[in-house]
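Hi,

Here is the structure I promised to pass on to you. Have a look at it first, and my notes follow just below.

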Amino acid sequence: MRGHGHLDADQKFGTISRGGHTKTIYSPQQYRAFLEEVFSKGEPEFRLEDIKVLPDYVKLMDDCVDPEFKLLKQLHTNHQWIFAAVDRSKRYPLGVKSTYRAFAQDEVFEIVERHDPSNPLSIGLEPWLTHVRTFPGDDEPALNILIDLPTNKIFPHGFKYGGFETMENAASSFKRLFPSHTDRKAEWDSFLKSAPKSDFVSDYIDNGGVLYVPMKHILFGLCNVDKTVNVPPLVSNKRTFNGDPIKERRTTSNVPHRDCKERKKPRVALNPNEEPPQDDLNGEVVLADLANNVAKLDVKKITKKQLSQLLVNKSLKTTGNKVQMLDRLQKYYATALL
């Protein structure tokens, strides 16, 4: 759960783990029933909401948060945050007092790099007892993360590209692996009927889907919900804290297959940023095969270079990301077939 609190949500994860370590869950409905059973024991007011669409909080709060605020990631990380409602003043112009602590506990042991040249057994690390205090103090400049109240329109957050296909594949896999589980297969069918029918959140809302805005009347009373905007699917665009692309690589398996007597070669790291040989990617045979199957393609089955070449071959623009490029190509072929 992204952005959860360590003092409350982590405890819920522990409750789920403790209550479900001996159970096997076969369907979304069974998982829901399990959660209701686990949490209703100690929390009589527990209510489980099935939420499929949330607001795009980044757009909503874009101009309201201090752009210099960097106390959540990497070396800047602080684990406990306290937000309190106070009277508006010159120190707290929006009536919000924000304070933070490195840890929730008052005393924590931290491992510090400290090499002792006089000790031949030193490993260069020492445990130090850290006394945790709250920042900023009353005699220090206030930390005003919120610099304005949100008044923008509330738009839905887009679905992840490929999410609909993932749901369908999960249901199909279950039916194939457990053909005798008639009741559970029916639950999967029921789940898919109520789930979004595509990766476009706008389609889901147009067909009766609900955009859920938690505590809207309290937090976003100055904002209006806009369900008319067409929100495209989201393609993962991972970035580091500084905004640079995350360096990734994949490995080949070094574990022998069940029917293979000899161990495979040691795993080899493959850099995805290094494209395969040009002949393999953009060969005429490969491109011709892709062109003949444009309607069935998705961004996982074609590279950006291949898309660019196919677009150039049809005198089409090559701008945009892979989703936009593929959409342009598929629309061209669909029109050409009419």
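This is a predicted model: local features need pLDDT of at least 70, side-chain atom pairs count only at pLDDT 80 or more; totals for chains, interfaces and linings use all residues.

To find the pair, look for α4 at residues 163-177 and α5 at residues 182-194. Their axes come within 10 Å and cross at roughly 165°. An angle over 145 degrees counts as roughly antiparallel, and α4 and α5 are therefore roughly antiparallel to each other.

Which residues meet where α4 and α5 are in contact? From α4 come Met167, Glu168, Ala170, Ala171, Phe174 and Lys175. On the α5 side, they meet Arg184, Lys185, Trp188, Asp189, Phe191 and Leu192. By type, the residues of this contact are 7 nonpolar and 5 charged, with no polar ones.

I also checked the cysteines. How many disulfides does the structure hold? The count is 0. Take cysteine 64: the closest cysteine sulfur to its own is that of cysteine 223, and at 7.7 Å this is too far for a bond. A disulfide would need the two sulfur atoms within 2.5 Å. Seen from the other end, cysteine 223 likewise has cysteine 64 as its closest cysteine by sulfur, at 7.7 Å.

Are these cysteines buried or exposed? Cysteine 64 counts as buried, at 3% relative accessibility. Cysteine 223 is buried too, with a relative accessible area of 1%.

Enjoy exploring it!

Best wishes

Technical notes:
Residues are numbered from 1 along each chain as its sequence is written. Side-chain values use heavy atoms; hydrogens and water are left out. Buried means under 20% relative accessible area, exposed over 50%, partly exposed in between (1.4 Å probe, protein chains only). Axes are lines fitted to C-alpha atoms, for helices over the stretch in contact, and angles run from 0 to 180 degrees between N-to-C directions. Helices (H or I, at least four residues) and strands (E, at least two) are DSSP runs, numbered from the N terminus. Angles under 35 degrees count as roughly parallel, over 145 as roughly antiparallel, 65 to 115 as roughly perpendicular and the rest as oblique. Contact means heavy atoms within 4.5 Å. Ala, Val, Leu, Ile, Met, Phe, Trp, Tyr, Cys and Pro count as nonpolar, Asp, Glu, Lys and Arg as charged, and the others, Gly among them, as polar.
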